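I opened a notebook for this structure. Below are my entries, in the order in which I looked things up.

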There are 2 protein chains.
Amino acid sequence: MSAKDVMTVFSPATVANVGCGFDILGFAVEQPGDEITVSLTNRKDVRILSIAGDDGKLPLDPSKNSAGVSVIALLQKLKVSQGVDITIVKKMPLGSGLGSSAAGAAGSVFALNKLLGEPFTTQELVPFAMEGERVCSGTAHADNVAPALMGGFVTVRSYDPPDFISIPTKIPLFCLLVKPHTEILTKNARKILQDNVPLKKLVCQTGNLAGLIIGLIREDISLIGRSLVDVIIEPQRAPLIPGYESIRNTAYDSGAIACSISGSGPSIFSLYSDNRKMEIAAEKIKEVCSREHISIDCFLTKINYSGIQIYE
Amino acid sequence: MSAKDVMTVFSPATVANVGCGFDILGFAVEQPGDEITVSLTNRKDVRILSIAGDDGKLPLDPSKNSAGVSVIALLQKLKVSQGVDITIVKKMPLGSGLGSSAAGAAGSVFALNKLLGEPFTTQELVPFAMEGERVCSGTAHADNVAPALMGGFVTVRSYDPPDFISIPTKIPLFCLLVKPHTEILTKNARKILQDNVPLKKLVCQTGNLAGLIIGLIREDISLIGRSLVDVIIEPQRAPLIPGYESIRNTAYDSGAIACSISGSGPSIFSLYSDNRKMEIAAEKIKEVCSREHISIDCFLTKINYSGIQIYE
């Protein structure tokens, strides 16, 4: 096996359902993320050799693992029976609304595509990684895998045809991720949502979404803050998350630009214009949660505009 | 009366409810529009001296006319009892979904504000003009008056507090306005709308809205075309407009980037990247409508990025 047959990448955590962008807006962060090694082999099959950091929870069977399924989908599209070995070192929590399954899927297809001489553009890889999401959560959503692959803020305009649009911004925002020690299954978080939305709330939500996108592009912190408000999904899901109100209020009191649920929870993201404010918010949130006996982990990070990184 | 006490302005027609931007997105066009003359007088009251071009349909009573009400609202805010005379030459059809009442309201407060030494910014004038809309249509909506005043594409992010955001674009699009000879009352067009929207359609609509805003800012014609699609309002209102399907199909067949209902109809707007395509579309639409015995007027124009213009 030559050096060109092996690649290790860092695949980032991602925040989907960004406030008023339910199901259509996600962003990547610099940390946490998974380390994924993909090797071409002389065999004909796809194998997951090992997974570390998952407490044995993730399946090694490639047909049940987001990384395996995505790689198989890519190979099927190319109609080649290339052998592929995958090794995963998970460095982020599972089932937490931080795009863990997406990181595995995105990282694996990204590395494989590079090893095969880039038959696909990065954007063209999104549908393969979506197949990995389908096996994990039941729906082939793209709002985690697209930002993991493409970096930054990405809009899922349409699935049919696939249309994933990078928001043209590089605004340097700091992002605090708070993960309560509770698990919420995506399908349960989806089940509680009302099937219908009042037209008045649609108008409010779309006004905010327009403001958020303009704010990101203009790098207008105040406009982002005024606009990153979710009047439809957050009120329905917040009661599932222990301490949500306290954490959210503490983030805003500490200078957060915005705060909402990451993915379908239980993680909570908040955005800051400077590092110091984020550090203070993290300390205060830890204090509040300790007082209220809510067990949490915190990740202090930034928006990631590079997407997946290759380890040299 | 000195020269500084009189001002004549051109106040443009506007397209509201731009596709997926129901109630939150509008744009101004270069033609048609109204000519409005505002004079300061030594009296204490606001008068509408005359209205031409309205077939006698609009009220001269300032408390019932959008221009009069808007001017009164501005003067009340300033707590001055300045006499104001208004003359209106309407050069656009009434009740057609082209923002006729907004043009009167926006033009009048714009001119008065200039004559008074600009106590307000242009954006701050929007709430006064909204009062004019309230007297005409029953709701103080801003998606016509804001683009009339500010020019270009404007998002109504919020009414409380008022937050009107210019979309940072100068994309030079041509705009064909087709006005069937049918009247649709805004309140009737609103009454037929379902109070609730399926969550799935919300996701589709917000994906398109995000794409539209990014497309406008990036000046990406293809993205604008893919995104300017309304899956919620247009299907409900289209049946109110005679010949809508034929006109829409003909516009797209002639190279339109996008086509949808202007305001609450019956006018229909379509956008083009060049003048020639717009001219061809107009000719073909006239042919089709003639064949189907649908009586229409056409306005061939462009997006107006200047807002209201002062006649020197």
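**Entry 1: a helix pair in chain B**

At what angle do helix α2 and helix α3 of chain B pack, and how far apart are their axes? I note first that this is a predicted model. I looked up α2 (residues 100–115) and α3 (residues 126–137) of chain B, and they pack at an angle of about 150°. Their axes are 8 Å apart. An angle over 145° counts as roughly antiparallel. So α2(B) is roughly antiparallel to α3(B). I then checked the hand of the crossing of α2(B) and α3(B), and it is right-handed.

Next I listed the residues of the contact. From α2(B) come B:S101, B:A102, B:G104, B:A105, B:A106 and B:V109. From α3(B) come B:F128, B:A129, B:G132, B:E133, B:C136 and B:S137. I sorted the residues of this contact by class and got 7 nonpolar, 4 polar and 1 charged.

**Entry 2: a sheet in chain B**

I turned to an open sheet of 4 strands in chain B. I read its order as β9-β10-β7-β11, with antiparallel pairing. Which strands stand at the edges? They are β9 (258–261) and β11 (296–302) of chain B. Each has a single partner strand, so one side of each is left without a neighbour in the sheet.

β9(B) and strand β10 (residues 268–272) of chain B run antiparallel and are joined by 4 bridges. Within this part I found B:I261 opposite B:I268 in β10(B).

**Entry 3: the helices across the sheet**

Which strands does helix α9 of chain B lie across? I found α9 (residues 244–253) across β7 (174–180), β9 and β10 of chain B. It runs at about 5° to β10(B). Then I looked at helix α10 (residues 275–291) of chain B, which lies across β7, β10 and β11 of chain B. α10(B) runs at about 175° to β11(B).

I checked these two helices against each other. The axes of α9(B) and α10(B) come within 9 Å and cross at roughly 150°. That makes α9(B) roughly antiparallel to α10(B). The crossing of α9(B) with α10(B) is right-handed.

I wrote down the contact as well. α9(B) gives B:S246, B:I247, B:T250 and B:A251. α10(B) gives B:A281, B:K284, B:I285, B:V288 and B:C289. By class, the residues of this contact are 6 nonpolar, 2 polar and 1 charged.

**Entry 4: loops and backbone angles**

I went through some loops of chain B. The peptide bond from B:D160 to B:P161 is cis, with omega near 5°. I placed B:P161 in the loop between β5 (153–159) and β6 (162–166) of chain B. The peptide bond from B:G265 to B:P266 is also cis, and its omega is near 0°. Where is B:P266 found? I traced B:P266 to the loop between β9 and β10 of chain B.

I also noted B:D55. Its phi is near 55°, a positive value in a residue other than glycine. B:D55 is found in the loop between β3 (46–52) and α1 (66–78) of chain B.

**Entry 5: where the chains touch**

How many residues of chain A are in contact with chain B? I read 35 residues of chain A in contact with 35 residues of chain B. Several elements of chain A give two or more residues to this side: β5 (153–158), β6 (163–166), β8 (196–198), α6 (199–218) and α7 (221–227). The largest share, 14 residues, comes from α6(A). I sorted this side of chain A by class and found 19 nonpolar, 10 polar and 6 charged residues.

A strand pair spans the two chains. β8(A) and strand β8 (residues 196–198) of chain B pair in the antiparallel sense over 3 bridges. I found A:P198 opposite B:N196 in β8(B).

**Entry 6: how the copies are related**

What rotation superposes chain A on chain B? I read 180°, with 0.0 Å of shift along the axis and an RMSD of 0.0 Å. That is the relation of a two-fold axis. In chain A, the C-alpha nearest the axis belongs to A:V197, 2.5 Å from it. I checked the interface residues last. 100% of those in chain A are also interface residues in chain B, so the copies meet through the same surface.

Technical notes:
Residues are numbered from 1 along each chain as its sequence is written. Chains are lettered from A and ligands numbered from 1 in the order in which they are written. This is a predicted model: local features need pLDDT of at least 70, side-chain atom pairs count only at pLDDT 80 or more; totals for chains, interfaces and linings use all residues. Two residues are in contact if their C-beta atoms, placed from the backbone, lie within 7 Å. Ala, Val, Leu, Ile, Met, Phe, Trp, Tyr, Cys and Pro count as nonpolar, Asp, Glu, Lys and Arg as charged, and the others, Gly among them, as polar. Two strands pair if DSSP finds at least two bridges between them. Copies are superposed by least squares on the C-alpha atoms of residues with pLDDT of at least 70 in both. Axes are lines fitted to C-alpha atoms, for helices over the stretch in contact, and angles run from 0 to 180 degrees between N-to-C directions. Angles under 35 degrees count as roughly parallel, over 145 as roughly antiparallel, 65 to 115 as roughly perpendicular and the rest as oblique. A crossing is left-handed if the near helix is turned anticlockwise from the far one by less than a right angle, and right-handed if clockwise.
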